[in-house]
Amino acid sequence: MKYSHSKLFTLLTLLFLSIGVFAQGSSKFKVVIDPGHGGKDTGTNHGKYKEKDIVLSVGLEVGRLLSKHSDIEVVYTRSTDVFVPVKERSVIANEKGGNVFVSIHCNGVASTSAYGTETFVMGLSKNKSNLEVAKTENSVIMLEDDYKTNYAGFDPSSPESIIGLTLMQEDYIHQSIDLASRVQDGFTNDLKRRNRGVKQGPFWVLHGAFMPSILIELGFVSNKEEGAYLYSKKGQKELAESIAVGIIAYKKAYYGSGVTTGTVVKENQSKQTKATSTKNTSSKSTETKVAKGVSFKVQIAASKRVLPLKPQNFRGLRNVTMLKSGSLNKYFYSETTSYERAEELLKEAKDKGHKSSFIVAFKNGKIISLEEALK
């Protein structure tokens with residue numbers, strides 16, 4: 001049976017809603033790790049450097065490190081050298097109620113001079129190099145027997161054919177970008193790898209995951225020096241540690257040390273009294289203790305485009321400001337020094353349709369973690 005893009009979108013949206021309800025009982029932060037390729041799909045190969053082996057080793061090490069944390073649960077799309085169809089990877093992530101989806105890959109091109117790490121989120125891009133990476137990763141579906149039926153006529157060489165499906169990731173785009181940025185920062189600042197940036201691309205493996213999702217390119221196996229690093233135990237261990245640190249930092253920023261699916265939990269929430277009404281919010285005895293000089297805003301979007309700060313561009317929300325962050329423009333709703341009021345503003349933003357909005361803490365004009373703000 002063939003489905004149009006609109007029918008497929010409707011069916012998957014209904015699936016997402018049912019999964020979301022089912023997953024509400026989860027008490028752990030679930031990280032879905034997707035080592036790319038596997039089995040008959042070797043990925044990009046240059047000599048003895050095989051992508052499928054490198055990413056599996058790194059993925060398993062990331063999972064091992066994360067599993068040391070009692071409030072984190074790790075799910076793998078594959079943990080051995082087996083072939084897993086692309087569309088099944090996001091299905092696994094959704095069925096397990098993942099909080100984030102992390103797909104791990106390596107680059108490989110004809111040139112031996114290219115090197116460095118880059119991390120992608122789902123999106124349309126006209127950048128030639130971004131599209132080439134996406135085409136290479138998407139071409140894996142052609143190894144599947146019924147790919148023409150299973151992928152509704154999707155053409156790996158034509159990213160435009162996925163336009164109708166990118167809508168599924170729109171609600172998670174800025175959280176995906178934040179997670180990708182944390183991973184890239186670790187590669188760049190801690191490991192001193194060349195930073196090729198956080199980018200957008202039309203990756204099939206990302207579009208069906210109903211959660212913040214990223215695709216990491218660890219480096220180029222086609223580069224002699226970098227290929228050797230990726231193949232080495234030392235390199236794999238360092239990369240895995242950096243990815244794990246980025247994921248943990250993301251978790252702390254959005255969920256604190258405890259986890260309730262879909263809800264930001266403060267680091268010391270169990271010891272604090274939360275306000276139950278606007279009246280209580282004004283009472284010093286029930287207010288969450290906030291570090292001096294800290295204020296809160298609600299991030300509602302992130303984009304490379306500069307959007308006029310008009311209510312119609314933000315589903316009717318007023319008091320929207322923009323902050324330039326690298327190549328991205330981050331958009332924030334309102335500002336307050338009260339964490340309880342910030343939670344009310346967050347609800348207002350979500351009620352307006354910004355479902356993946358989240359609270360961001362500022363001090364001296366710079367973003368800090370909620371853990372640092374709520375001392």
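**Exercise 1.** Which residue in β11 is the bridge partner of S303? Work it out on this predicted model, then place the strand in its sheet.

*Solution.* Start with the pair itself: S303 bridges to N329 in β11. Next, zoom out to the two strands. β9 and β11 (residues 328-336) are joined by six bridges and run antiparallel. Then look at another partner, β12 (residues 358-363): β9 pairs with this strand through six bridges, again in the antiparallel sense.

**Exercise 2.** Decide whether strand β9 (residues 294-303) is largely enclosed or open, using the burial of its residues.

*Solution.* The cut-off you need is under 20% relative accessible area for a buried residue. Now go along the strand: 10 of the 10 residues of β9 pass, so the rest of the structure largely encloses β9.

**Exercise 3.** Describe how helices α2 (residues 51-66) and α9 (residues 233-255) pack.

*Solution.* Two numbers get you going, since a helix pair is described by the angle between the axes and the distance between them. Here the angle is about 50° and the axes lie 8 Å apart. Roughly parallel would need an angle under 35 degrees, and roughly perpendicular 65 to 115; α2 and α9 are therefore oblique to each other. For handedness, the crossing of α2 and α9 is right-handed.

Last step, the contact residues. On the α2 side they include I54, V58 and L65, and on the α9 side A240, I243 and I247 are among them. Sort the whole contact by type and you get 10 nonpolar, two polar and four charged residues.

Methods
Residues are numbered from 1 along each chain as its sequence is written. This is a predicted model: local features need pLDDT of at least 70, side-chain atom pairs count only at pLDDT 80 or more; totals for chains, interfaces and linings use all residues. Side-chain values use heavy atoms; hydrogens and water are left out. Axes are lines fitted to C-alpha atoms, for helices over the stretch in contact, and angles run from 0 to 180 degrees between N-to-C directions. Helices (H or I, at least four residues) and strands (E, at least two) are DSSP runs, numbered from the N terminus. Angles under 35 degrees count as roughly parallel, over 145 as roughly antiparallel, 65 to 115 as roughly perpendicular and the rest as oblique. A crossing is left-handed if the near helix is turned anticlockwise from the far one by less than a right angle, and right-handed if clockwise. Contact means heavy atoms within 4.5 Å. Ala, Val, Leu, Ile, Met, Phe, Trp, Tyr, Cys and Pro count as nonpolar, Asp, Glu, Lys and Arg as charged, and the others, Gly among them, as polar. Buried means under 20% relative accessible area, exposed over 50%, partly exposed in between (1.4 Å probe, protein chains only). Two strands pair if DSSP finds at least two bridges between them.
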